[in-house]
Amino acid sequence: MNLKSERRGIHVDQSELLCKKGCGYYGNPAWQGFCSKCWREEYHKASPSVNRQASIETDRVSKEFIEFLKTYHKPGQDIYKQCKLFLDTMNHKRDLSIEEQSECAQDFYQNVAEKLQTRWKVPPEKVEKAMDQIEKYIMTRQYKYVFCPETTDDEKKDLTVQKRIRALHWVTPQMLCVPVNEEIPEVSDMVVKAITDIIEMDSKRVPRDKLACITKCSKHIFNAIKITKNEPASADDFLPTLIYIVLKGNPPRLQSNIQYITRFCNPSRLMTGEDGYYFTNLCCAVAFIEKLDAQSLNLSQEDFDRFMTGQTSPKKQESDSFSPDVCLGVKQMYKNLDLLSQLNERQERIVSEAKKLEKDLIDWTDGITKEVQDIVEKYPLEIKPKNQALAAIDSENVENDKLPPPLQPQVYAG
């Protein structure tokens with residue numbers, strides 16, 4: 001997605017194409033026309049360094065984890081053994097469903113947290129830091145096995161949400177009652193940063209890092225609202241704005257990321273703190289988008305259906321409805337958008353008429369062909385053999401002996 005275009009308020013609608021590999025799923029321009037599964041296969045095939053980079057990151061995380069555990073002395077050694085044992089166990093449980101693997105991870109988090117508090121008497125603030133490091137160490141290794149696995153319908157849900165958001169590209173901030181004025185440069189910058197953060201979530205491998213992207217996005221939203229209203233933002237202002245950001249950003253693999261965080265994040269982080277609060281709001285925003293209808297936007301069902309099918313777009317503000325301080329460029333932009341909408345409708349009519357003309361030509365050609373075939377069958381053309389040419393009298397011919405002798409001149413006396 002072109003963030004510069006989004007920043008100017010122009011939605012970039014990506015074309016819907018099937019996966020280039022022919023698997024039947026929708027492709028994504030961000031994945032070079034492949035679906036997420038085929039893209040991963042092609043990317044690893046074309047880039048041998050991918051596995052090596054992942055291995056380098058895994059080694060780096062392992063070293064950081066070991067260095068961190070040294071500060072815990074004897075409990076640190078036990079924690080490391082418990083983590084290695086858990087990873088070995090999970091390697092032998094690949095045939096389990098993703099829900100069962102999630103239960104194993106959640107039970108492991110709970111058992112380790114209890115041991116830190118009861119057996120090893122670790123202070124609460126250090127327990128939280130230890131659990132974050134444990135999650136990072138474990139999920140860095142488990143990510144490729146448990147994120148959007150083939151045994152689930154996560155990818156199908158991703159494509160459904162992605163297609164839904166594309167169809168809702170016409171939704172305006174006014175329809176959602178978003179208290180954000182993107183004409184203010186600082187607010188526009190905050191909106192772009194929020195979109196960048198929510199998109200960046202997909203590039204992270206650890207649930208806590210994905211949550212951190214959601215938190216940063218949410219804080220940028222609060223700042224944008226605060227600058228616009230000149231007062232602290234409320235929860236009633238935050239959720240509509242988050243919905244608007246999700247619609248503008250259309251984050252990749254949104255449902256897969258939500259499911260991954262839900263299944264494998266440290267439960268204490270999701271149940272408490274600002275990370276859990278912002279994550280809950282993101283889930284609510286996605287649920288709202290999935291069920292969004294005409295009533296939700298205060299539109300008639302007829303207008304909603306026309307917008308969804310692309311027959312027309314929401315009416316733009318007329319030039320005389322702008323406040324006096326609005327620059328001429330903004331007025332001209334809305335006029336141009338209206339003109340583009342009219343041209344789009346005109347083009348659709350032309351394409352429809354062209355298709356009808358093409359069908360008429362095909363039907364006419366088929367009709368003429370059938371008539372000709374009927375005539376040929378009714379009056380078949382008989383070609384008679386060619387007559388033999390007569391031989392010249394003076395030519396050497398084998399049949400000359402059958403001719404009478406030539407006349408001899410006779411002389412008569414006068």
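This is a predicted model: local features need pLDDT of at least 70, side-chain atom pairs count only at pLDDT 80 or more; totals for chains, interfaces and linings use all residues.
Reader: Now the helices. At what angle do the axes of α5 and α6 cross?

Author: In general, two packed helices are described by the angle between their axes and the distance between the axes. Here, helix α5 (residues 98–119) and helix α6 (residues 124–146) have axes that come within 11 Å and cross at roughly 160°. Angles over 145 degrees count as roughly antiparallel, so α5 is roughly antiparallel to α6. Their crossing is right-handed.

Reader: Which residues make the contact?

Author: On the α5 side they include F108, Y109 and L116, and on the α6 side they include M131, I134 and I138. By class, the contact has 13 nonpolar, two polar and one charged residues.

Reader: I also noticed H73. Where is H73 found, and is it buried or exposed?

Author: H73 is in the loop between α3 (49–69) and α4 (74–91). Its phi is near 55°, a positive value in a residue other than glycine. With a relative accessible area of 60%, H73 is exposed.

Reader: And what about N230, in which loop does it lie?

Author: N230 lies between α10 (207–229) and α11 (235–249). N230 is not a glycine, yet has a positive phi of about 60°. N230 is exposed, at a relative accessible area of 71%.

Definitions and conventions
Residues are numbered from 1 along each chain as its sequence is written. Side-chain values use heavy atoms; hydrogens and water are left out. Axes are lines fitted to C-alpha atoms, for helices over the stretch in contact, and angles run from 0 to 180 degrees between N-to-C directions. Helices (H or I, at least four residues) and strands (E, at least two) are DSSP runs, numbered from the N terminus. Angles under 35 degrees count as roughly parallel, over 145 as roughly antiparallel, 65 to 115 as roughly perpendicular and the rest as oblique. A crossing is left-handed if the near helix is turned anticlockwise from the far one by less than a right angle, and right-handed if clockwise. Contact means heavy atoms within 4.5 Å. Ala, Val, Leu, Ile, Met, Phe, Trp, Tyr, Cys and Pro count as nonpolar, Asp, Glu, Lys and Arg as charged, and the others, Gly among them, as polar. Buried means under 20% relative accessible area, exposed over 50%, partly exposed in between (1.4 Å probe, protein chains only).
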